[in-house]
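Hi everyone, thanks for coming.

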Amino acid sequence: MQRFTLEAQNLHRSFGGVRAVDNVSFGVRPGELLALIGPNGAGKSTCFNLLNGQLKPDSGVVKFLGNEITGLPPRRVARRGVGRTFQITATFGSMTVRENVQLALMANRKELRRFWTPARRLRGGQADTLLERVGLAGQVNRPCAVLAYGDLKRVELAIALAGNPKLLLMDEPTAGMAPQERVGLMALVAELARERGMAVLFTEHDMDVVFGHADRVLVLDRGRLIAEGSAEEVRNNPLVQDVYLGGGFEEELAEVEPEPDPEQEAPEC
Ligand code: ADP
Ligand code: MG
């Protein structure tokens, strides 16, 4: 068995003169929740995009399940088993929760042609099983457009799980959620990671979520990894405290929670 589900080795990516990702190396293990934190502009999203094929690195290597995937296009990276959560606005609001998940299940099995035929019930049972697992059993027949934001995030998770990923990338998964909902969502993600042996790499601004759920934390600052360790180790690391303004970083980070990233790409259907 591979020690790491995903390995990044010496990744570099610059934009003009800005070294957005500067010699970054790390691995994420099966079933592990790895948090990537750092101030705005630290390079977290760029790092994600290098892993999922949205961006090509200037240099460095990405390995998934032991095979090099550096520079492969997103669709092919996804097919190998790298899932990612999307902004929920990318779902079809007029379709029901179940239909959105059916569509994702069918897309992953190249059955989409059949969706618009009477076979609309295809994969309904599987969709319901996934939706029950993410706590949405009571919502399957509701159009996505009427769901509460926290529930939409769970639909988003079910859609990502439809591809049966071995690695799930979640860039700011709890942005815009109430604190209690954030903890609930990440607790669910942690359970799913254990159950499925699925590795999870996520970025997060809420330090309660990071310290409560991450098995390990990576800290990025101006493109460079400046710390790596358990939540406790990272919290007590003087370099990290410096970056987050002298230890008061919980409040600092909570205040700068960004709006959902409009540049995130819609799922391919
Ligand atoms: P984070 O997600 O940690 O907030 P980003 O990865 O979005 O950070 O950005 C890292 C740095 O790279 C920033 O200085 C940002 O302005 C720059 N950057 C990111 N994407 C682009 C782009 N497409 N073109 C130019 N500069 C970019
Ligand atoms: Mg970002």
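This is a predicted model: local features need pLDDT of at least 70, side-chain atom pairs count only at pLDDT 80 or more; totals for chains, interfaces and linings use all residues.

The protein chain has ten helices and ten strands. Residues are numbered from 1 along each chain as its sequence is written, chains are lettered from A and ligands numbered from 1 in the order in which they are written, and side-chain values use heavy atoms, with hydrogens and water left out.

Let's start with the whole chain. Of its 269 residues, 49% are buried. Buried means under 20% relative accessible area, exposed means over 50%, and partly exposed is in between, using a 1.4 Å probe and protein chains only. The chain exposes about 12,400 Å², and carbon and sulfur atoms supply 48% of that. Those areas come from the Shrake-Rupley method with a 1.4 Å probe; for residues, only the protein chains shown count as cover. Now take the contacts with a separation of 6 or more: 66% of them are between residues 24 or more positions apart. A contact here means heavy atoms within 4.5 Å.

Next, the inside. In soluble globular proteins, nonpolar side chains tend to be buried together. In this model, the largest nonpolar core has 48 residues, and L157, V200, F202 and V217 have the most contacts inside it. A nonpolar core is a set of buried Ala, Val, Leu, Ile, Met, Phe, Trp, Tyr and Cys residues joined through side-chain atoms within 4.5 Å. A second, separate core of 27 residues includes A8, V24, F26 and L50. Going back to V200, what does it touch once we leave aside neighbours within four places in sequence? Its contacts are V28, E32, L33, L34, L167, L168, M170, V189 and A193.

On to the ligand. Which residues sit around ligand 1? They are F15, V18, A20, P39, N40, G41, A42, G43, K44, S45 and T46, each with a heavy atom within 4 Å of it. Look at the oxygen atoms of ligand 1. One lies 2.7 Å from a backbone N or O atom of G41, and there is a 2.9 Å distance between a ligand oxygen and a backbone N or O atom of S45. T46 uses its side chain instead, with an N or O atom 2.6 Å from a ligand oxygen. Taken alone, ligand 1 exposes 560 Å², and the protein buries 57% of that. Two elements give two or more residues to this shell, β2 (18-28) and α1 (44-52). The largest share, three residues, comes from α1.

So let's zoom in on α1. Because seven of its nine residues are buried, α1 is largely enclosed by the rest of the structure. The buried ones are K44, T46, C47, F48, L50, L51 and N52. C47 is at 0% relative accessibility. F48 has a relative accessible area of 3%, and it touches L36, L169, M170, D171, L201, F202 and T203, not counting residues up to four places away in sequence. N52 is buried too, at 5%. Just after the helix, G53 takes a positive phi of about 90°.

That brings me to backbone angles. Most residues other than glycine have a negative phi, and most peptide bonds are trans. N23, in strand β2, has a positive phi of about 60° although it is not a glycine. It counts as partly exposed, at 35% relative accessibility. N164 has a positive phi as well, near 50°. You'll find N164 in the loop between α5 (149-161) and β7 (167-171), partly exposed with a relative accessible area of 47%.

Note on methods: A polar contact is a pair of N or O atoms within 3.5 Å; within protein, one must be able to donate a hydrogen and the other to accept it, and residues adjacent in sequence count only if both atoms are side-chain atoms. Helices (H or I, at least four residues) and strands (E, at least two) are DSSP runs, numbered from the N terminus.
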